[in-house]
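The stops below proceed from one chain to the contact between chains, and then to selected local features.

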Amino acid sequence: MRYLFFIAVLIMPLLAQSKTLPKDLQWETNNSADTWADPNATKGGVFNDYIISFPPTLRTIGPDSNNSFRSFINANKMGLVSFHPTTWEIIPEIATHWAYGADKKTVYYKLDPAAKWSDGKSVTADDFLYTIKFMRSPHINAPWYNNHYTEQFEDVSKYDDHTISITGAVARSKEELHYYYGLGPTPEHFYGELDGDWVKKHNWKIVPNTGPYQISKIKKGKSVEFSLKENWWAKDYRYNKGRYNVNKVVIKVIRDDNIAFRHFEKGDIDSFDLVHPDYWHNKAKGKLFDNGYIHKVLFYNDMPRSASGFFLNMDKPILSDNDTRIGIAYALNFEKVIKTVLRDDYERLNAFHEGYGDYSNKNVKARPFDLEKANHYLTKAGWTEYNGSGIRIKNGKELSLEISYARKEHTDRWTIIKQDAKKAGINLELKLQDATAQYKTVMQKQHDIAAMGWSTGFKPAFWQHFHSDNAHKPQTNNVTNFDDKQIDDLIMEYRFETDTSKRIALSQKLEQMIHDSAAFIPSFKVSYTRGAHWRWLKFPKVPGTKTSATLYSPFGNGGVFWIDSKMKIDTMAARKSSTRYTPVNNVYEQFKVTQ
Amino acid sequence: MSSFSPQALRRWQRFKSIKRGYYSAIAISILIVLSLLAELWINNRALMVKYEGAYYFPTYGDILPGETFDLDYKWETNYRALKRQFKSEPNSENWVLMPLIPFSPNENDFIEGEYPPYEPSLASGHYLGTDMSGRDIFARIIYGFRIAIVFSIFLLSVTYIIGIAVGAAMGYFGGAFDLFFQRIIEILSNVPILYIIMIVASIITPNFWTLALLLAGFSWMGMTWYMRTETYRENAREYVQAARALGAGHSRIMFLHILPNSISILVTFFPFSVVGGITALTSLDYLGFGLPPPTPSWGELLQQGTTNLEFQWIWASAVGALSVVLTLVTFVGEAIREAFDPKKYTFYE
């Protein structure tokens with residue numbers, strides 16, 4: 001009997017692996033979507049870029065890994081599928097085909113047998129199974145990931161070396177299944193068994209990846225160099241043609257944007273993002289631009305906008321009152337900030353979720369600066385008396401609030417807001433904090449008003465920001481301490497609804513309710529990306545896609561530009577002899593949103 | 001003058017005879033007085049308003065809401081607009097007397113159709129131009145100077161009081177007490193003060209007092225060494241022994257006998273400590289760890305100037321103001337040092 005049990009233990013894992021695929025799967029693929037690169041792009045050359053600080057580690061997971069450099073590494077990891085940057089269609093990456101299970105929680109993927117790691121090993125189903133094991137391991141020292149991969153993933157199964165299925169925790173719409181449950185592979189042959197030293201051991205290890213570029217040289221504190229793989233397995237695939245053209249991408253560390261801009265003017269950096277009005281109007285001008293050596297580009301995009309603005313902490317006694325919050329919203333002169341220091345380049349953001357297509361409620365408009373209305377609501381809330389400095393008081397308490405913010409470049413914006421809020425009898429104190437400290441203050445829910453923004457998601461995500469499950473406790477994203485039974489119910493309904501039209505209706509309704517509460521006061525949005533590049537940097541006819549946050553990304557959905565090396569030599573010579581070209585100021589309005 | 005000792009008078013004469021230092025001292029005193037009265041000559045509040053027969057003096061005290069002058073708003077009166085309005089009314093008895101520079105340091109003054117920063121111009125009244133958010137640079141420099149100098153003098157008083165007391169006690173008691181405090185001072189001197197301030201600034205937003213006390217807490221040690229050696233020396237003198245023989249207590253000997261005789265060394269350090277204080281505050285503000293915005297500050301102005309080099313008037317104003325004030329104070333310091341130099345009066349027999 002004991003013997004039998006022994007055999008059972010031995011063969012059980014084998015049994016578990018030899019699952020069979022359901023019979024009625026409808027395999028889908030997509031080889032007909034539009035491409036967005038120019039197939040005639042010239043290959044070769046070096047693209048120079050910069051970052052503000054050297055990454056504290058090359059790990060993309062574990063302590064200190066959430067730094068800006070991580071995106072360069074992650075952009076060279078292929079997923080199972082990706083989303084078309086303009087149409088949002090699903091297009092193949094490592095998976096060539098996909099199919100959906102009847103439970104609305106499972107997706108089946110057929111892996112591309114040609115897919116290779118940068119060390120030459122094939123990517124197989126085991127690499128995906130290993131991802132789950134890896135992400136759940138305590139040794140990676142990443143509790144959020146441990147938890148996420150334990151709670152959100154029910155199962156990852158292997159059918160053969162190139163077929164897997166992923167089952168998530170909750171049912172979702174098709175595209176969301178890919179978005180939320182689409183795993184990447186993790187190289188088991190590289191990591192092997194994890195141990196307690198993992199974090200330390202892998203600080204500076206270059207991990208095999210599946211994307212077009214791999215790190216080829218690191219100068220600690222100075223630069224990181226990525227090189228194009230010679231025979232990258234996906235280089236001739238439909239959606240990769242004409243992309244990833246430069247041989248090398250050198251990312252230098254330049255600790256100050258101003259100094260980086262000088263490097264750019266010298267030609268040591270090929271391109272520069274110029275969204276900030278001060279750079280675009282004041283710095284990017286002069287001979288280099290007038291003589292046509294450097295081209296300026298303004299490119300309208302259409303993508304989810306960051307929910308940035310003032311987050312009012314409703315657990316604070318003053319801010320717990322709805323009329324007071326509405327009064328405050330009417331007293332904030334964002335319009336003046338836009339008209340003055342932002343040079344009319346930014347626009348007023350209207351709602352928490354903007355740019356999410358039908359999911360956004362276009363009827364929700366931000367409250368404009370209106371002192372009469374501010375007065376009406378504040379008076380209604382009982383703020384009827386004034387003290388000697390012209391600040392409203394109620395029951396001996398001053399209407400005085402702190403704005404906590406983290407970027408010193410934004411001080412000029414908030415001083416204007418502060419000056420004009422005084423006219424409504426509101427005293428706003430500016431509290432500039434170091435970014436980490438502000439994050440901590442907000443996560444502890446100790447702020448009055450937090451001036452901040454959230455990164456965008458795939459679809460509006462209400463639960464994390466507005467559900468009472470996340471209110472009144474630290475370390476959650478409900479920083480307004482939103483706590484409303486009615487909204488809770490709608491959020492849960494939204495969360496588990498798989499019918500798109502119903503979800504859209506719910507999303508719009510929720511957006512309106514959030515607006516009514518005035519717990520979030522939207523500030524600004526930018527509906528374009530803009531920048532400048534040396535004339536030797538060449539682009540397809542349309543230099544970006546609907547969702548391009550920058551035109552100068554060498555990896556990810558970017559990588560469409562190429563370098564004309566001869567033109568680089570010519571331009572440098574022309575610059576010496578002051579030969580003039582026609583100045584270029586291009587505006588691309590293909591994806592401009594008209595409201 | 002009669003209460004001063006002949007020696008003090010001689011030093012004063014000597015100081016006066018060093019023209020560069022003497023005139024610098026006068027200039028810096030005038031600057032300090034002017035900055036302390038800044039509200040009277042740089043302000044967006046009027047000095048005096050005559051309206052319907054009544055006189056108003058809005059400079060100090062509570063705000064006067066617009067309704068006071070029958071304007072249709074409750075917030076503080078815009079006196080520049082009021083002045084324009086009274087001027088445009090024919091035969092009006094009403095008038096507004098504005099200060100020389102009619103802007104407050106925290107006020108954004110925007111010109112319709114133009115974007116800040118605005119160039120220096122006589123027409124707009126911004127004689128040194130405005131900063132990146134349209135605030136008058138001259139106003140910010142003067143108010144910034146006031147904060148810097150008050151900060152510096154406060155910082156210096158605290159460090160001197162602690163430094164002198166500890167230093168004198170070390171020199172006077174000597175022995176184990178001296179040894180113990182030497183070690184304490186060595187440890188404290190090795191604490192990287194900038195990091196401490198960065199850490200503190202990330203937890204709380206420092207205000208004037210916390211920042212000054214924090215800095216003082218780590219910079220009182222410099223003075224102790226001089227005071228200690230000086231006390232050691234004086235302690236061995238006959239007058240101290242005489243005082244002791246008469247039964248004077250420790251603190252009486254230290255502060256009434258030894259201190260006055262070693263004051264010269266402290267006085268020579270005084271101006272340089274002022275320079276140190278101003279520089280410390282300016283550099284902290286420059287790095288963003290100083291006083292919270294929108295406090296007018298030279299460091300913050302310098303920071304704006306260096307990130308926007310193309311607007312020369314911003315950095316030029318900050319650098320100019322810093323150079324002038326630091327040079328003046330240094331001149332005063334040199335003159336004091338020379339006036340207190342005993343060599344001039346050393347006689348060889």
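Begin by selecting chain A, where buried residues (under 20% relative accessible area with a 1.4 Å probe, protein chains only; exposed means over 50%, and partly exposed in between) make up 54% of the 595 residues. This is a predicted model, in which local features need pLDDT of at least 70 and side-chain atom pairs count only at pLDDT 80 or more, while totals for chains, interfaces and linings use all residues. Residues are numbered from 1 along each chain as its sequence is written, chains are lettered from A and ligands numbered from 1 in the order in which they are written, and side-chain values use heavy atoms, with hydrogens and water left out.

**Chain A as a whole**

Display chain A as a cartoon: it has 19 helices and 26 strands. These elements are DSSP runs numbered from the N terminus, with helices being H or I of at least four residues and strands E of at least two. The C-alpha atoms of chain A fill a box of roughly 85 × 85 × 45 Å along the principal axes. Among contacts in chain A between residues at least 6 apart in sequence, 72% join residues at least 24 apart.

**Where the chains meet**

Next, show both chains and select the residues in contact: 33 come from chain A and 27 from chain B. Together the two chains bury about 2,400 Å², with 57% of this on carbon and sulfur atoms. Buried area is the accessible area (1.4 Å probe) that two parts lose on being put together, summed over both. Select B:Trp75, B:Tyr115 and B:Pro293, which supply 25% of the area that chain B buries against chain A, more than any other three residues.

How many salt bridges are there between chain B and chain A? The count is 1, where a salt bridge is a side-chain nitrogen of Lys or Arg within 4 Å of a carboxyl oxygen of Asp or Glu. To see the pair, select A:Lys283 and B:Glu310, whose closest N and O atoms are 3.5 Å apart.

Move to A:Asn258, in helix α8 (residues 257-266) of chain A. A:Asn258 is buried, at 11% relative accessible area. Beyond its neighbours within four places in sequence, A:Asn258 is in contact with A:Tyr279, A:Lys283, B:Thr306 and B:Thr307. A polar atom of the A:Asn258 side chain lies 3.2 Å from the backbone oxygen of B:Thr307.

**Salt bridges within the chains**

Select A:Lys380 and A:Asp323, which form a salt bridge with their closest N and O atoms 3.5 Å apart. This pair links distant parts of the chain, with A:Lys380 in helix α13 (residues 371-380) and A:Asp323 in helix α11 (residues 322-330), 57 residues apart. A:Lys380 is exposed at 53% relative accessible area, whereas A:Asp323 is buried at 17%.

Turn to chain B and select B:Asp109 and B:Arg80, a salt bridge with its closest N and O atoms 3.5 Å apart. Both residues, B:Asp109 and B:Arg80, are buried. Then select B:Asp131, B:Arg135, B:Arg140 and B:Glu300 to view a network of salt bridges.

Most residues other than glycine have a negative phi, and most peptide bonds are trans. Select B:Pro116 and B:Pro117, where the peptide bond is cis, with omega near 0°. B:Pro117 is in the loop between β3 (95-97) and α5 (137-173) of chain B. Another cis peptide bond joins B:Pro293 and B:Pro294, with omega about 0°, and B:Pro294 is in the loop between α11 and α12 of chain B.

Finish in chain A with A:Ser578, which is not a glycine but has a positive phi of about 55°. A:Ser578 lies in the loop between α19 (565-576) and β26 (585-588), and is partly exposed, at 37% relative accessible area.

Note on methods:
Contact = heavy atoms within 4.5 Å. Polar contact = N/O pair within 3.5 Å; in protein donor to acceptor, adjacent residues only side chain to side chain.
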